[in-house]
Amino acid sequence: MNVNNSKQDQLCSDTPSESSLNNPISDVINTENTCSTYLKSPSPTLFPVHAFNTLNSLLSRPHWQVPVLPDSQLETVLLASINMAKHGEDIHSQDCLRFYSDGLISSFQKIFHNDAVTRWDSHILHFIYANSLLGIELCSIKAKSDCPAILELESILFDPNSQFHTRSMISTSVTHEIRYGVHRNVVCRFEDIIKLLPHISISNENDSTCQQQPGQIEEDTNPMENNDPLTLYNTVQIKEYSISYANYKDAPILVDFINLFGRFSGFDRLKARFLELDNKYHGDQQQTDMLQQQLQQQSNDQTEFLSLSLIHAYLHPFALCSNYLSDSVVEEYFKPIVTIIVNYLSHLTDDQIKRETKKELRKDDFITSLKLSLCTLIKRIPSSTEDDIETIELLSLNLIYRFFQLSSFNGKMNTLNELIRLLPNTNSLRVGQWITDIKLLKLLLRENLHQLQYVEKVEEIIRFMIRKLLLTSDDLDIIWESQIGKHETIIKNIFNMLTRLALEFSMNQLNYLFNCFKVPPEEPFHGQSWKKATKRQRERLIDLITMLAEQDTDGMMMQKTLDLLWDWAISLKFSNDLMNASLKSHAKILSCNNKPFVCQLRSVWLGKLASFLKIEPNNDEGCLLPAAKQFIEIANLYNTGSSNENTLIQSINQRHNVLKAAVDCIIQTMWSVHEERLNVIIKNQSIPFKSPISMNTTKNLNSDLQLIKVKELLKLLRYLIFQCHLLCTVDLLQGIWDSLLKPTFQPNLIVNNHILLKFQNQIVLSNDCDLCFKWFTLFFNDSVWLKCRDFIWDNYSILNPKLMTNAGVE
């Protein structure tokens, strides 16, 4: 019988070595073969290599086939393996070991988990059932042999969610046909199995051979007087390892598997394996107490090491079917096993953990899976408490902590994957306390931050902490400190991580993070980052908070970011490059057209900037230059020349009188420039000077910086007049002309006219004149402002010839 993945009816062979690929089963089943007496197994020293090779050949085909017919290749190799395992010969046969690792697992994976199972008929499933019982027998014999393939087979056979077991639960009729067969009950040939599962010795009405089998079990009874499997089972006094047989309809085939495994002493062997581990551990502990450090090292080398992945492989099959284990089995076998494992894992040495981390094929979820299996089994122990679960959870977390400390980079990545899987399935309070106790973030952010994939894993853990309200302000400090003074790549990775986490942060956390950004350099801790940061690192910080704002969804973070960037732009502690970078990011945030609240923020900021265009006692003069620059940038975010833009600017001009404010700023700035120049002249010429305002109290301003302000203000005026079409009166134009071409001063400063006439060319410089002439030239290029030409010609006519420059002539 070859079970394959074709949609066609499955085919069979009537001999162990040949397959009939063209005849349906009803035509080729041979009664003598299928109902023969129990097959005498091969000699323990022989392994059916030909059958094994044929099996592998069938499994490796594109349209694979699993030969499950009685006496076919799978059954033949299973029987041989069972015989060899009983005599301990299997471990000396390379072919048998190859069957364990290749053909055995592949065969049962296909016939238990493949979707094709749902299309197979019940008679096929009966043959699978017969082979599975042999598989259970093999598993029970090898139950303490540390053989990963056998343990994997147990996980396949005991998985109640497999396709095979799911199919067996469809109805009682399907279950009956799987157990007893449609045409013949082929399990009757296996005497050892029938003795341990007497209820499956029932066959179909026309089969008298099988009906004689139960009589061999107990001479004083006649079980076949009643063909009810419940009655038959109760007549045979053998131990029950699964749930009560009265509940067998939940998963009757799985119940058979569990009982057969136990009756073949599988649970006893399993328990014995861990008792050996416990005895070995305590023996080593006594040696450690008796011997000095040298002897202790020797005993450690000789200590039997059971890897965590192997421990999990032992427990996983029974965690899968834990709901089908009887309470007595859980109490007798798994309670001591779990206790031994917890004790063993709690005392793992660093050397043992290092050996575990060096395994190249180690799965990256073995601690999580082991924890899940342990917790599943503990919950089935009647006397278990919540404290037992807590012990397992903390043990798993501490194992991850130790593995992370002792692993290479790849091992650390595997451990982080484990932690990411484990955290959501662990009590949040325990996790929070554990994170605090071991200072998890400080450990994770200590190294490897130049590795992007590593930082992404750390980000997932931080995201979990945020969502579970476990991230504290101290944790934010640790995150922030991790990039201070580090390589450019590390800073980039940390900043990008913070950007992606932005939407997860609470408002309090965002506020705290913003405080990290804006603490002044003279204050400790966070300010140190600015003291040590390079220009590029500071630019990266600006990029970071820009990205944070761009991901905002309600405008709160965006407003905070805009305020912070503006504070940086007007700060005297920053260079012009950083000021420009701050303003650029400020405008970039306001250019986000995909957010409904951005247009409102633009309008608000245009109003703010307009209010900064005033030199008043309450206004910081440091705002003037960035305000003039930024007003144009933000206004240009609207469609240039559009009615919306003009309407908005006109509205802002009506509220803040932007044109007059800008002209007044130019006038007052030039007052300061002229006063500074006059102060230098008086000092150099030793000229006695009397004025209500002492020249010593005059601000020591940089005239070049003041002229830069004037240039930006003139650009703003040009934008407002020629692009936004605001009306500039003659009085305002006259104010600009006079401030740039005449030695003007604040009204309460009295200056001798003789000094002004003598030193006029040193107070009003040619650069001032060029600036004025070039700006007013714009009016000659626009027909709308032809009326201003008369104003210009009138002022030219009375201009001091000494002030004329090439720009004025042009």
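I began with Glu676 and found it buried, at a relative accessible area of 16%. The model I am reading is a predicted one. I placed Glu676 in helix H35, which covers residues 658-685.

**Entry: helix pairs**

Two packed helices are described by the angle between their axes and the distance between the axes.

I took H6 and H7 to start with. H6 spans residues 122-141 and H7 spans residues 148-157. I read an angle of about 135° for their packing, and the axes are 10 Å apart. That angle makes H6 oblique to H7. I noted the crossing of H6 past H7 as left-handed. On the H6 side I listed Ser132, Gly135, Ile136, Leu138 and Cys139. They meet Ile150, Leu153, Glu154 and Leu157 of H7. Sorted by class, the contact of H6 with H7 has six nonpolar residues, two polar and one charged.

I went on to H32 (residues 598-612) and H33 (residues 624-635). Here the angle is about 150° and the axes lie 9 Å apart. How do H32 and H33 run relative to each other, roughly parallel or roughly antiparallel? Angles over 145 degrees count as roughly antiparallel, and H32 and H33 are therefore roughly antiparallel to each other. I recorded a left-handed crossing for H32 past H33. H32 brings Arg602, Trp605, Leu606, Leu609, Ala610 and Phe612 to the contact. H33 brings Leu624, Ala627, Gln630, Phe631, Ile634 and Ala635. I sorted the residues of this contact of H32 with H33 into 10 nonpolar, one polar and one charged.

I then checked H21 (residues 409-422) against H24, which covers residues 452-467. They pack at about 25°, with 10 Å between the axes. That makes H21 roughly parallel to H24. I noted that H21 and H24 also have a left-handed crossing. From H21, the residues are Phe409, Met413, Leu416, Asn417, Leu419 and Ile420. They meet Gln453, Tyr454, Lys457, Val458, Glu460 and Ile461 in H24. By class, I have eight nonpolar, two polar and two charged residues in the contact of H21 with H24.

**Entry: backbone angles**

I looked at phi in two residues other than glycine. Lys439 has a positive phi of about 55°. I found Lys439 in the loop between H22 (428-438) and H23 (440-444).

Leu469 also has a positive phi, near 60°. I placed Leu469 in the loop that runs between H24 and H25 (473-481). Is Leu469 buried or exposed? I found 76% relative accessibility for Leu469, so it counts as exposed, the cut-off for exposed being over 50%.

**Entry: aromatic rings**

How many aromatic pairs does the structure hold? I have 28 aromatic pairs on record for it, and I looked up two of them.

One of them is Phe47 with Phe99, a tilted pair with 6.4 Å centre to centre and 50° between the planes. Phe47 sits in the loop between H2 (31-34) and H3 (49-59), and Phe99 in H5 (residues 94-113), so this pair ties together parts 52 residues apart in sequence. I checked both rings for burial. Phe47 counts as buried at 12% relative accessibility, and Phe99 is buried at 0% relative accessible area.

The other is Trp64 with Trp120, an edge-to-face pair with 6.4 Å centre to centre and 85° between the planes. I located Trp64 in the loop between H3 and strand E2 (65-67) and Trp120 in the loop between H5 and H6, so the pair ties together parts 56 residues apart in sequence. I noted Trp64 as buried, and Trp120 as buried too.

Which residues form one aromatic cluster? I listed Phe158, Tyr241, Phe261, Phe267, Phe318, Tyr333 and Phe334 as its members.

Conventions: Residues numbered from 1 in each chain as written. Predicted model: local features only at pLDDT ≥ 70, side-chain atom pairs only at ≥ 80, totals over all residues. Heavy atoms only, no water. Axes fitted to C-alpha atoms, helices over the stretch in contact; angles between N-to-C directions. Helix = DSSP H or I, 4+ residues; strand = E, 2+ residues; numbered from the N terminus. Parallel < 35°, antiparallel > 145°, perpendicular 65-115°, else oblique. Left-handed = near helix turned anticlockwise from the far one by under 90°. Contact = heavy atoms within 4.5 Å. Nonpolar A, V, L, I, M, F, W, Y, C, P; charged D, E, K, R; others polar. Buried < 20%, exposed > 50% of the residue type's maximum accessible area, 1.4 Å probe, protein only. Phe/Tyr/Trp six-rings, centres within 6.5 Å; stacked < 30°, edge-to-face > 60°.
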